[in-house]
Amino acid sequence: MAGNGLTLVDAINEVVETIGEFPMTGTAPAATGTSIYSRARAFIERESTRVQSEGWPENTEMNRKFALSTGKVDLSGETLDILRVRGAGPDSHRSLVLRTDSGDSDKVKIFDADQRTFDLRDGGGGSSRADVFVDVTVEHSFENLSPQLKDVIVAQSKLAFQRRLQGNPNTDLMLQQELATANRSLDRNSPEIEQPFNVVPQFDPMQQKQRQRQG
């Protein structure tokens, strides 16, 4: 049966090995414990959130629509944690971000940074909107990520873990190289480039001269 890269125990063992600890066996401990393996898991979970918040093909949903029946978009009830949003489609011109609404039980909502409001019905220019469109980055559990993204998370966790617990500058340099190697092999979101009509003049004297020189 095909695997899916590192298990959580594999990841913990890679992290603790950076400071000379022996690998663990059995199931992964909770991140709230005091053992070296629990601390390693805590580092992995923190770095997993940070890395995933950058947005990758496997955890980015493009042009997702949210209804504005009340004007506000409450994300606290989402199945997966949303780490980042960005205006998309008809709302791509808006500076939409995540913020905690202290006036509503600290719920996480989409905030319009241009208009300084959680009420998103005004899409700008006084136009009233029934929906809002955003690109969304969500957080998956470590086990459900691709092998390549796991490698980046583990490499970043190893670097942070060794810096906090040992601080060996030579080891730090080697771990930076491992992180750079893992990062290069990972696919990224493709830019959305739309080619408009008529971008090159039909008769361009400069281009004609260049063709003559090349000929």
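Two residues are in contact here when heavy atoms of each lie within 4.5 Å. Keep that in mind as we walk through this predicted model, beginning with a threonine in a helix.

**T171 and its neighbours**

T171 sits in helix α4, which covers residues 169-184. Leaving aside residues up to four places away in sequence, T171 touches T18 and Q162. Is T171 buried or exposed? Its relative accessibility is 17%, and buried means under 20%, so T171 counts as buried.

**Helix α3 and the glycine that follows**

Helix α3 takes in residues 147-165, 19 residues in total. At 1.5 Å a residue, α3 should span 27 Å, and its end C-alpha atoms are 26 Å apart, so the two values agree. After α3 comes G167, and the phi of G167 is positive, near 70 degrees.

**The sheet**

Now for the strands. Three of them form an open sheet in the order β1-β5-β2, with antiparallel pairing. The edge strands are β1 and β2, each of which pairs on one side only. On average, and with direction ignored, neighbouring strands of this sheet are turned by 40 degrees against each other.

Here are the strands with their residue ranges:

| Strand | Residues |
|---|---|
| β1 | 60-67 |
| β2 | 82-87 |
| β5 | 131-138 |

How many bridges join β2 and β5? The two strands pair in the antiparallel sense over 5 bridges.

Terms used:
Residues are numbered from 1 along each chain as its sequence is written. This is a predicted model: local features need pLDDT of at least 70, side-chain atom pairs count only at pLDDT 80 or more; totals for chains, interfaces and linings use all residues. Side-chain values use heavy atoms; hydrogens and water are left out. Two strands pair if DSSP finds at least two bridges between them. Helices (H or I, at least four residues) and strands (E, at least two) are DSSP runs, numbered from the N terminus. Axes are lines fitted to C-alpha atoms, for helices over the stretch in contact, and angles run from 0 to 180 degrees between N-to-C directions. Buried means under 20% relative accessible area, exposed over 50%, partly exposed in between (1.4 Å probe, protein chains only). The expected span of a helix is 1.5 Å times one less than its number of residues.
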